[in-house]
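The following exercises concern the chain interfaces and secondary-structure packing of a model. Each task is followed by a worked solution.

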Amino acid sequence: MITVDSVWSDVQQVRDRGPLVHNITNYVVMNSTANALLAIGAAPVMAHAVQEVADMTALASALVINIGTLSEGWIEAMALAMRTAAEHDIPIVLDPVGAGATAYRTRTVAELMSGTAPTIVRGNASEIIAVAAGTGGTKGVDSADPAEAALEAARDLSARSGAVVAVTGEVDYVVDGDVLRITGGHPLMARVTGTGCTASALCAAFAAVNGSPFAATVHALAALGAAGAAAGARARGPGTMQLHLYDELHALESEQIVRHVGVAFA
Amino acid sequence: MITVDSVWSDVQQVRDRGPLVHNITNYVVMNSTANALLAIGAAPVMAHAVQEVADMTALASALVINIGTLSEGWIEAMALAMRTAAEHDIPIVLDPVGAGATAYRTRTVAELMSGTAPTIVRGNASEIIAVAAGTGGTKGVDSADPAEAALEAARDLSARSGAVVAVTGEVDYVVDGDVLRITGGHPLMARVTGTGCTASALCAAFAAVNGSPFAATVHALAALGAAGAAAGARARGPGTMQLHLYDELHALESEQIVRHVGVAFA
Amino acid sequence: MITVDSVWSDVQQVRDRGPLVHNITNYVVMNSTANALLAIGAAPVMAHAVQEVADMTALASALVINIGTLSEGWIEAMALAMRTAAEHDIPIVLDPVGAGATAYRTRTVAELMSGTAPTIVRGNASEIIAVAAGTGGTKGVDSADPAEAALEAARDLSARSGAVVAVTGEVDYVVDGDVLRITGGHPLMARVTGTGCTASALCAAFAAVNGSPFAATVHALAALGAAGAAAGARARGPGTMQLHLYDELHALESEQIVRHVGVAFA
């Protein structure tokens, strides 16, 4: 059962336990992802060398695979990290940044997923459609498609892969048999790079402390939505938005979840 | 004819069209470049794998090539992206970061330019001198030379390459037969890393919506100068400067261009 | 003799001379490291290609080697940069991020140090213990060990390597025969990624202007502690903390060192 209390319980678990989250992610967002994880109370680590990626993954409580600036050597490390995580029952969040924009991205996601099933897949509407269909034409990492359009793709992808699938945008959907619709956040979040990548990293932090990937994903997106709405209320623009988002993740209280976030069956 | 209205028209075009700008840029500034492009209203994408760089470039409305942290694999991707852009008539902005500091950088810029002519080259004085002369001795990415010293080099480089050449610093010059001198900005911009890289990325965003590379470059630098001056007026130091710059790019109004920026023939 | 005046003298030297600091560092912190160096008055450069790394190092007044996101090609560049720095009497700061977390990191640090002795080694307690012992089990880059626990390891490492060893955390220790204990800073610094990496980079900037690596390290950590305490007093959370830290490094006055920092023999 998803409630304000269940979200809040996971926030407190993340703060108390400080789970180590291993990220193989893109260059653009490494700094902001690390800062968001620190702000919520988790411990980020970034490592991608094939010589150490299995060792690092084995130490972690969750793994994030994000293909935003992928290249050949990194894909090998991603596949190895995913295998290691699966062997150790460590939850895996896959962020298929830009899937559909190029055949290389779409194919890479398909190969990674066929090697090891991720626990959670989080993307915007066009990315989820592309991952599900193996086709697409996304316009960079900013989707013009409403999240609703990707719901069918998300259901299909979840059913075939076994992963919880999150489609995020102005409204978020979390799909796993059930479909939950989450409202919250602030329009300025779309004008800060890496907000989606932050959402994926938070899903990993919450999955590290909650055995239900579905609940963890909903809780993470609700926490981010609450912090984003609170940050948006203080921000003058995208620059102040980014830093207030870290401040609000750090200072998050359950009242902000009550005030800013809605969760309902879709 | 460059006027406040012509600058403002391009700002509105960028906001309305949200052009996709493909960046092969350095690790240091990827996050800040993406945020600056989002703040002005463009859609940034970063990708460098040779397997996808042609596909990604073909989707874009402008290409930025920035050699700040170059290495062999990336140079191959840069050359391929530039060829692809030229084939699709997509404007190319080349930022020769640190040219002159090492022979490798100077040579790489020469090779990239001999392969495909960029539309716009933007650098500081010592970089432009080094690119023009194939020699140099720049002190990192911060030039002590006044921009004026590079005017002759810029004229020569523009005449030989056909590119619009922008020399930026305390005062900016845009050279293409004509030479325009642009004032604006704020001294704290030099204390934030990647401000020059941001200028290059904005030139690309404006070139995506304006068929005249000369006008687009002047407009982009005027917009940045206006936002920088407004941000500097609110900043306590380089940290607050960086975030206010994003806020002001996002909130830019034509009045700020009137108040803070001067453009004149040099 | 370490005094407020000796710290302040180095701050002024960095501002006056603007030493070029060459960084081969990790992707996560490149932007924040560059901004911190600019804020204190130094000139950062990042370059890692083996084709240019010797040339770039030879231009610099100090070298930072940080293994946070290491991989094979980068290790070769690090070794070459360290050799070049030693040949030119350029001080070398080694930041063994995550040493002990994986065998690859511990081994890489040992190999780099056996190739060329660094001037200064700065890490958290578990990293310094791991570097000293060639073993370890650090939890990512955030150490739960109090700095005191690493004092013996630091003494041993300093004696064997000849390097000044800094163990930073809630309290900092600088070890080189003598042991100095430095208090200052603010708890929020631990919630901003790369604060330790910033400390290493500042040690390099100060070593560029002060011939005593021991004094330079103490001065750099005192300056950071003063700026961090001042920033913490203004911050609402980790987001505002990061930017205020840059502002305070830029605006640092000797009064803040008096107010916020303590240095004593341990």
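**Exercise 1.** Which residue in S7(B) is the bridge partner of Val167(B)?

*Solution.* The model is predicted: local features need pLDDT of at least 70, side-chain atom pairs count only at pLDDT 80 or more, and totals for chains, interfaces and linings use all residues. Residues are numbered from 1 along each chain as its sequence is written, while chains are lettered from A and ligands numbered from 1 in the order in which they are written.

Step 1. Identify the strands, where strands (E, at least two residues) and helices (H or I, at least four residues) are DSSP runs numbered from the N terminus. Strand S6 (residues 164–167) and strand S7 (residues 172–176) of chain B pair in the antiparallel sense over 3 bridges; pairing requires at least two DSSP bridges between two strands.

Step 2. Read off the partner: Val167(B) is bridged to Tyr173(B) in S7(B).

**Exercise 2.** Determine which strands of the open sheet in chain B stand at the edges.

*Solution.* Step 1. Write the order of the 9 strands, S2-S1-S3-S4-S5-S6-S7-S8-S9, with mixed pairing.

Step 2. Strand S2 (43–46) and strand S9 (262–265) of chain B each have a single partner strand, so one side of each lacks a neighbour in the sheet. From one strand to the next, the twist averages 20 degrees.

**Exercise 3.** Describe the packing of H2(B) and H10(B).

*Solution.* Step 1. Helix H2 (residues 30–40) and helix H10 (residues 238–251) of chain B pack at about 25 degrees, with axes 7 Å apart. Axes are lines fitted to C-alpha atoms, for helices over the stretch in contact, and angles run from 0 to 180 degrees between N-to-C directions.

Step 2. H2(B) is therefore roughly parallel to H10(B), a label for angles under 35 degrees.

Step 3. H2(B) contributes Asn35(B), Ala36(B), Ala39(B) and Ile40(B), and H10(B) contributes Tyr246(B), Leu249(B) and His250(B). Contact requires C-beta atoms, placed from the backbone, within 7 Å.

**Exercise 4.** How many residues of chain A are in contact with chain B, and how many with chain C?

*Solution.* Step 1. Chain A places 29 residues in contact with 28 residues of chain B. H10(A) gives the most to this side, with 5 residues.

Step 2. For chain C, 28 residues of chain A contact 29 residues of chain C. H10(A) again gives the most, with 8 residues.

Note on methods: Two residues are in contact if their C-beta atoms, placed from the backbone, lie within 7 Å. Angles under 35 degrees count as roughly parallel, over 145 as roughly antiparallel, 65 to 115 as roughly perpendicular and the rest as oblique.
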